[in-house]
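This report describes selected residues of one protein model. Please examine the sequence and the structure before reading on.

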Amino acid sequence: MAVVQYYDNGYGYIVKINNDIALIGEKRFKLLKEQVECVKTVNLRNEYIKLHFEKIEIKTINTGLGTYTGYAYGNTPHGKGKHVDYTGIVYEGDFVDGKQTGKCICKYINGYTYEGEVLNNLKHGQGKLYKENYICEGKWNNNLFTGFGIYKYPNGTVFEGKFENSVIIDGINKDVNGDVFEGTFVFIQNNNYTGLCKGNSNDTIQSNQTNTYYKKGKMVYKNGDVYEGEFADNKLNDYGKMIYANGDVYNGHWKNGIKHGQGELINIEGLTYNCYWNNGKKNGRGFIIYPNGDKTEFDWKDDTASRIK
């Protein structure tokens, strides 16, 4: 037996028979209603089915999670309505067979607002989530965000750039201490991660990005130093170039934020130190190249040089 649902939208009657929806005029609606109320068999798309008539009307319903006011059939929200749950979350928008599906405005108790599309009670489709200096706007897939976003951390650090599945991919991170990084990021999964912009079971917003690290890019430090290269665990790592605020320039390898491996340091006096570095200090054989092109070979031990004749 099929279920027929309807309501008057001012232009005619919107009728739903199973998953088929149509807008019909008053004359045709009255005829259909008479046939259904008499439990007659009617011809619909050349299929003979028995119809049971159920009216969609505005109701106030206790859903078990809160209070719903809007269009419903029986005790099932269906159509436009408003749901206020017991925690204070307010949803205004579309419902289909009791589930938040369609378009909505949802206001959370922590100050965030979501405007956009939803499917089966999840953010899904185009939409934006915002609060003060924070905004994620783009495409959502089962509560995960992909697109451009701006996020302000509680400590004042601000990220602006691209997200994929609610994880930072690339953009600009302005640290509260004044350092600015621009480049790509890498995400390391662990069991405690919930994801930026992802709603939990209470539809609150998580801001845990402690597992997102700088990968490759440019860091401008508050003190005037500028680094371009690779990172690991948010520290200078592998290969990169540092231009120090005093004018010195280092090109070479790094480990845990310290010069480590083969590298070349050119100081403001024009001297070039081409050698191996160990934990930030010159070690092993290398050269000092002078501004006129002459060079001398040295053997270093923890920055102490012995000239090799």
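Is K99 buried or partly exposed? In this predicted model, K99 has a relative accessible area of 40%.

K99 belongs to strand β10, which covers residues 99–107. Leaving aside residues up to four places away in sequence, K99 touches D94, N120 and N121. One of these, N120, lies 21 residues from K99 along the chain, yet the C-alpha atoms of the two are separated by 5.3 Å.

## Cysteines

A disulfide is a covalent bond between the sulfur atoms of two cysteines. How many disulfides does a search of the whole structure find? The search finds 0. C106, for example, takes part in no disulfide: the nearest cysteine sulfur belongs to C104 and is 5.8 Å away.

C106 has a relative accessibility of 5% and is therefore buried, since the cut-off is under 20%. C136 is also buried, with a relative accessibility of 0%.

## Positive phi angles in two loops

Which residue in the loop between β13 and β14 is described here? N142 is placed in that loop, where β13 spans 134–141 and β14 spans 144–152. N142 is not a glycine, although its phi is positive, at about 50 degrees. With a relative accessibility of 44%, N142 is partly exposed.

D233 is likewise a residue other than glycine with a positive phi, near 55 degrees. D233 is found in the loop between β19 (226–232) and β20 (235–243).

Key: Residues are numbered from 1 along each chain as its sequence is written. This is a predicted model: local features need pLDDT of at least 70, side-chain atom pairs count only at pLDDT 80 or more; totals for chains, interfaces and linings use all residues. Side-chain values use heavy atoms; hydrogens and water are left out. Helices (H or I, at least four residues) and strands (E, at least two) are DSSP runs, numbered from the N terminus. Buried means under 20% relative accessible area, exposed over 50%, partly exposed in between (1.4 Å probe, protein chains only). Contact means heavy atoms within 4.5 Å. A disulfide is a pair of cysteine sulfur atoms within 2.5 Å.
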